Amino acid sequence: MYSDKFTLGWGTDLYRANPTLCPNQLTAGHPAKAAYYLVEKIFEHITKLRPLPHGAKILDPFGGAGTTTVLGTFKGYACTCGEIEPEFVAMMDNIFRYLRENSPMFSWQPQPSVVQADARALPFADNAFDAIVFSPPYADQIHQKSTEATLKALGKKGHEISVQGVLGGYRSTASGQIGGLKIASKSKPKKPARETYPEAMALVYKECFRVAKPGSFCAVITKDCIKNGRKVRVGVANKRAALAAGFNLADLKFAEVCRPVEAPDDLFGYEHETKLFGRVSYFRRQHFKKDRNNLLRYEHIFFFKKPVA
């Protein structure tokens, strides 16, 4: 599926815990925060492909908890993020305010901004950004339904994820949430077909192509998942949408999410078990339980380039 020219090698050095840049309660509302050191590597790789000057304009159209925007600001870039969920917009406003008041290194840099916006219709001018970095939502993973079963499982397992995070991230309050769309439409006869995840992402990449400067790069973190026992190729859907929008695929990195480690038999003779070592959230562990062939061990980090006209 991918050319041999693309390299593998982003692994255990990404397993470090995210640094504590602000109180945990400010970010507790988001259940799927980006890995800080992964985003840092992405910025480093973009600057190798095309140097970014101080004050370069960076866009994250899926702002989430603001990891990309915060890290980009610390690096001296003028960062803007769009986010469709109003509660996450308010969350990022609070995070940026806290950092401005408590971190001189942050306050001295070009200040970030966040706008409530649908990534399919970005409110920005053409050719406005020097780079785009984002992690699109999973397909068919965000629903307007009860999460009682998930909360019960969290209570049993004791994983480090807040109740507020589960409820805030997986009970969407915004209409048009891409994370709830299906990979393929299964509309009934005589009923209008519903928008699919690939169709929505096609609009997102068209907008990203429009607002990116010629010659700039768009880095995308994609994560496949398991649905009904089958692998959902979120990465392939994003790659196709980006190429159809006009981007060229410049590079691809495989970032290891985790690796299974065999724990030895204990003193009482119980059989060993396989544990997961790495950047593994509660939700990721649930996917791995369904992933018998280790199909989800890696994230695909695509680096798309907008051609120079």
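Me: Which residues does A219 touch, not counting residues up to four places away in sequence?
Reply: This is a predicted model, so local features need pLDDT of at least 70 and side-chain atom pairs count only at pLDDT 80 or more, while totals for chains, interfaces and linings use all residues. Residues are numbered from 1 along each chain as its sequence is written, and side-chain values use heavy atoms, with hydrogens and water left out. Contact means heavy atoms within 4.5 Å. Not counting residues up to four places away in sequence, A219 touches I42, I46, I132, V133, F134, F302 and F303.

Me: Does A219 count as buried or exposed?
Reply: A residue is buried under 20% relative accessible area, exposed over 50% and partly exposed in between, using a 1.4 Å probe and protein chains only. A219 lies in strand β6. Its relative accessibility is 0%, so A219 counts as buried.

Me: How far apart in space are A219 and I42, C-alpha to C-alpha?
Reply: I42 is one of the buried residues of helix α2. Along the sequence, A219 and I42 are 177 residues apart, yet their C-alpha atoms are separated in space by 7.2 Å.

Me: How many residues of strand β6 are buried?
Reply: Helices (H or I, at least four residues) and strands (E, at least two) are DSSP runs, numbered from the N terminus. Strand β6 covers residues 212-222 and is mostly covered, with a buried count, out of eleven residues, of nine.

Me: In β6, which residue is the bridge partner of F134?
Reply: Two strands pair if DSSP finds at least two bridges between them. Strand β5 (residues 129-134) and β6 have five bridges, in the parallel sense. In β6, the partner of F134 is V220.

Me: How many aromatic pairs does a search of the whole structure find?
Reply: Rings of Phe, Tyr and Trp (its six-membered ring) pair if their centres lie within 6.5 Å; planes under 30 degrees apart count as stacked, over 60 as edge-to-face and the rest as tilted. Searching the whole structure this way, the number of aromatic pairs is ten.

Me: How many residues apart are F62 and F134?
Reply: F62 and F134 form a tilted aromatic pair, 5.5 Å centre to centre with 45° between the planes. The pair links distant parts of the chain: F62 is in the loop between β2 (57-60) and α3 (67-74) and F134 is in strand β5, a separation in residues of 72.

Me: Why is the pair of F247 and F304 tilted?
Reply: Both F247 and F304 are buried. Their ring centres are 6.2 Å apart, and the pair is tilted because the angle of the planes is 45°.

Me: Which residue has its charged end over the ring of F209?
Reply: F209 belongs to one aromatic cluster with F62, F134, Y205, F247, F302 and F304. A charge sits over a ring if NZ of Lys or CZ of Arg is within 6 Å of the ring centre and within 35 degrees of the ring normal. Over the ring of F209, 4.8 Å from its centre, sits the charged end of K306.

Me: How far apart are the end C-alpha atoms of helix α4?
Reply: The expected span of a helix is 1.5 Å times one less than its number of residues. Helix α4 (residues 86-102) has 17 residues and should span 24 Å, which agrees with the distance between its end C-alpha atoms, 24 Å.

Me: Leaving aside its neighbours within four places in sequence, which residues is T68 in contact with?
Reply: T68 is found in helix α3. With a relative accessible area of 6%, T68 is buried. Leaving aside neighbours within four places in sequence, T68 is in contact with V39, F43, D60 and V133.

Me: What relative accessibility does P110 have?
Reply: P110 is in the loop between α5 (104-107) and β4 (113-116). P110 counts as partly exposed because its relative accessibility is 24%.
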